[in-house]
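Here's a quick tour for someone meeting this structure for the first time. Have a look around, then read on.

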Amino acid sequence: MSKKPQPSTVTAQNQLVKWINDAGMSDGPKKASLLRKINEVLLHQLPDMIPVYMENVLSNVTDKFTDVKKQVISFIEEISKSHPKYLPKVVSHLQLLVIDSVVAVQKRAIQAASIVYKNILLWMCDPDNEFIEMQHVWEHLTKLKLLILNMIDSENEGIRTHSIKFLEIVVLLQSTGEDSGDEFSLDNLPKDFPFLKRKSLEEEAEHIFSLLLKFHNSQMISSVNLMACMTTLCLIGKFRPKYLPRVVQALGDLHTTLPPTLSQSQVNSVRKHLKMQLLNLVKRPTSYDMMPQLTQLLLDIGMTPQEINKALPKERRNKRLGEIKNGDAPAKRIRVDSPIVNSDSNSNSRSDFNLFDDENSQQEATSKSIPTEDSVFEGLNNVDLVTNLVMATLRNNLPETMPDNFAEVYKPISNAGTVMQKRSLAKMMMTLIKEDITPAQTSAKSAGIPLLKDDDEKITLKNAVAKLQESSKAERQVENAISKLMEETRQAHLKEDEKKSKEKEKPPPTPTIPKLKQKVKLLKLQEITRPIPKEIKEKLMLQSINRILKAEKDAAIGGAAQIRSKLISMFASSYTPEIRELVLNYILEDPLNRIDLALSWLYEEYAIMQGFNRLPVTLHPKANEKHSQNYNQLFCALITQICESGDPVMEASKDILIRRVYTEAPVVTEEAVEYLKHLINEDKSPVVALELLEELCIMRPPRAHKYVSSLACNVLHENEEIRDLAITLTVKIYKCSMDTVKKVIEKHALVYLGFIALTSPPSEVCTRHSRQWTNDMYKICLNLVFALLPENPDLICEVGRVYGLAGAEAKRCVLRVAEAPLRGLLPPGAPLLPAIETLLDMCPRGSETLLTRIIHILTENAPASPELVERVRELYSTSVSDVRFLIPVINKLSKREILAALPKLIKLNPQVVKEVFNKLLGLHNPHNEDLPLSDAIFSPEDLLVELHLIDPNKADLKYIIKATAVCFAEKRIYTQDVLSAVLQRLASEPEIPVLMMRSVLQALTLHPALAPLALNVLQLLVDKEVWTNKVAWEGWVKVCERLGARAAAALAMLPPLARDLLPTHLRAQEYPPVPPPGSTPHEPLPPGMD
């Protein structure tokens, strides 16, 4: 008996249905309240009904009200906790909510994603789950993770904070834990899933952790994000000790130089939060190895050793305090290979704060004599140097009287003179040195002096000084050269004026007239100056543009980002190749964030190429420059550098950037299209390249005929996946494109179709090691033309033409491949297509079997039309000599035509012969299978008789024997009665058929009851002097031997001459007297013989 539902359950279910219906008719807060009730009842009271009503809740993902979407997020979160088996159905909806347009929904979705991510990993550890579902969930989870990772650069502060917390969960879950206990870690994941590669997950966690460090060290970070990121890093350091050294390094950098954008109250909050996090780290057992660094940081913040000792665990208080006072190294040294923050050019660390001894850096510093923290530390160990430094500082800065608050504020340094105190002092001095270097760099930039890039080398104090000296020297040379040119110009101008004044001077006409006062001539700048030399001008220009490029953040803060982008695009497209290279390198340093600048530059180049720009004449390129070449070079440089960049950070966004460049560029050049073909051939990003070609063909119709060739050529690709995708996209373009594009696709299809008529495969199809045709090669060449056949049936004519020229193996392959497309093209009962009519009229030589197959498909499930029968009859009489051409319509031909073709038909394969006989007997066509045999073209006995009467001169005897054997094999049709009628008709023929006696023997074998009929046939043949026909006489004798004593009556009828021809054992038998005519025979006659 089935268990009846409880009344409470029924009531809850009814209430649930009512709420669902009300929610569908409501909106706003009321709908959100109803959804909250639905979630509560569905998840906790009626969990068995979740599959039934889950879609009603998930369908509100696109609702316009924020509270409704939040309820959907809560439902997904609870599903992942209590009912993880439904995760494959809800994970995609969470992905949509993360990219919602409402910020509040995004925050709530990211918050839920942190919980769902962990629950999914726990669910995947269950071995009872299906592999396909887990792979589906993991794919969506990977996309979700990438979306949230990109949101760390969002403009909204709250989204950034929630993204940081999500990345914290990802790092903890995708990294190994030494003593994780009950906490989940990478060690808990199964190792037998091909889509879960533990090494890749661990590398991803390492990469995300590096991004968090970079974000933490950013100069433009807000106080809320900074404290959230600080908390995240400390939690990671607590639970994953391998990250602790880098976490302490980051906290030390933060203490040394806080972001300049923070106000005083924010600075106090950040320092207070930093102190709290350091105290939490000190209490952890895993921080034992990092205790010297942590205690030094706490001392720098302002804590006393007693306060630090009080914060330590009891078992380590006294020992650690002694180490602090004495400055000794910890008992257990830090691992040399522990992870340290990289000091490459991409790092955003504010200082070189380093808590570890690096022997290699010390050796380099010693060899290059560059001031580093280690060199400053060594200098502090020299008493004379320290004394001189203190005296030089106090000589000019020490006040005459001690300030009043100095005694209150001053605290003696408890660990003065220890190694840790000296190391901390060296770090602080290096920070001051760097701050001194920064203004020097700023002044150098304002003067146009080219300094070294941060990516090339790190500028130390000595390097900066040397660089400034070199730059000053270069600047003085430039000023001297300009001054010299100006002085020469002025002297030449004065000489010229003096000469002109002398020529114009004339003697006075009378001595009484005074001389006119000479006018003062104003100086003109163009006359007294010369243009700056080209080399100097280009150098100054490069320095100016370099300053504009480095002012990205300043322009963003000042609201001039768009103007800056326009200036950079204009300069890059209008000036020297050096400037173009400088801007291009700048874009490629961070293409993900500077792609808009690259597109702006592309459009500027396009405007110059088309003559749309209205720039001043001085900014126009030279007349001999090819504008299209500049555009093409920029386009190709962008896509090649993006695709071939080995940066792992760029790997995830490579496809997005390539898509943006190709889809948003004003023109896609031929070289850019060739590069897409290169990506497909090299199997680098084939799917993206094919989809881009499809988008170009659909979104840019005027040039689609140029792009589609690059797509259609991939239908011959050796990779099956690429080949199938190329065919699918080509057919899709063919359906929605103009005639010019269709002609290009048809041209490719016909060219590939023509390959099958060649004796050896072309290089486009075959590999290097194989130069022989295979079935797969034939199919590859035929795929495109048969894929286009439903859209353009006229292609069947070209298929027939090439089919006639192809070899036997190619023809067989064409018939196999064409079966499914032809059946789709020729539905049952449909009228004859014009293309099929044209093919029948053409009837190319050698294409008879293809035509036969087409006619067979047309008549397989529907009777042949009179028009089709007439065409087949006409072709058979004029062009086609193959009798197989008649088989599809043979049941529509006249009996005379069938009998004329019968000698040729029986020479075919036995299976074909059997099919023909079934058609003739009305058994093959389903429309006639219920008709009686009398309504068929031939009755069974007529067919067998006609086979016996075939002239041996028209068909070999062996084919006739095989044909009759096919009939005798059909015992259901050729029964005893049918065979009896056949033997009677054969016996009544004027001439004895050649195979008559063979058929009598076969009939006796199948039906021994036909013995009386066989005896009667023997007697009838005696009257026809059977012994005169050698073949018939041998059969007559064999039948007598088969009948035995029952053949005595027939033997008795033989004349003496015939008896002498009998074998000895038959001649010795006693013959009974011959019964008189009209007497009753001893044995009853079979039916039909009375």
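## A charged pair to start with

Which side chain meets that of Asp100 in a salt bridge? That would be the side chain of Lys69, at 2.8 Å from N to O. A salt bridge here is a side-chain nitrogen of Lys or Arg within 4 Å of a carboxyl oxygen of Asp or Glu. The two partners sit in distant parts of the chain, 31 residues apart: Asp100 is in the loop between helix 5 (87-98) and helix 6 (103-124), while Lys69 belongs to helix 4 (residues 66-82). Asp100 is buried at 11% relative accessible area, and Lys69 is buried too, at 6%. (Buried means under 20% relative accessible area, exposed over 50% and partly exposed in between, using a 1.4 Å probe and protein chains only.)

Before going further, note that this is a predicted model: local features need pLDDT of at least 70, side-chain atom pairs count only at pLDDT 80 or more, and totals for chains, interfaces and linings use all residues. Residues are numbered from 1 along each chain as its sequence is written, and side-chain values use heavy atoms, with hydrogens and water left out.

## The overall picture

The protein chain has 52 helices and 0 strands. Of the 1090 residues in the protein chain, 44% are buried.

Across the whole structure, a search turns up 28 salt bridges. One of them joins Lys165 and Glu168, whose closest N and O atoms are 2.7 Å apart. Because they are 3 residues apart in helix 8 (residues 157-173), about one helical turn separates them. Lys165 is partly exposed at 31%, whereas Glu168 is buried at 6%.

Another pairs Lys566 with Glu604, at 3.1 Å from N to O. This one links distant parts of the chain, with Lys566 in helix 25 (residues 561-574) and Glu604 in helix 27 (residues 591-610), 38 residues apart. Here Lys566 is partly exposed at 47% and Glu604 is buried at 8%. There's also a network in which salt bridges with shared partners join Glu77, Glu78, Lys81 and Arg108.

## Inside the cores

What about the nonpolar residues? A nonpolar core is a set of buried Ala, Val, Leu, Ile, Met, Phe, Trp, Tyr and Cys residues joined through side-chain atoms within 4.5 Å. The largest has 185 residues, and Phe635, Tyr662, Ile756, Ile796, Phe917 and Trp1036 touch the most other members. Helix 36 gives the most to this core, with 9 residues. A second, separate core of 107 residues includes Leu35, Val171, Leu172 and Ala250.

Phe786 lies in helix 36 (residues 775-788) and is buried, at 5% relative accessibility. Setting aside residues up to four places away in sequence, Phe786 touches Val799, Val814, Val817, Ala818 and Pro821, where contact means heavy atoms within 4.5 Å.

How many disulfides does the structure hold? The count is 0, taking a disulfide as a pair of cysteine sulfur atoms within 2.5 Å. For Cys234, the nearest cysteine sulfur is that of Cys229, 9.6 Å away. Cys234 is also buried, with a relative accessible area of 0%.

Methods:
Helix = DSSP H or I, 4+ residues; strand = E, 2+ residues; numbered from the N terminus.
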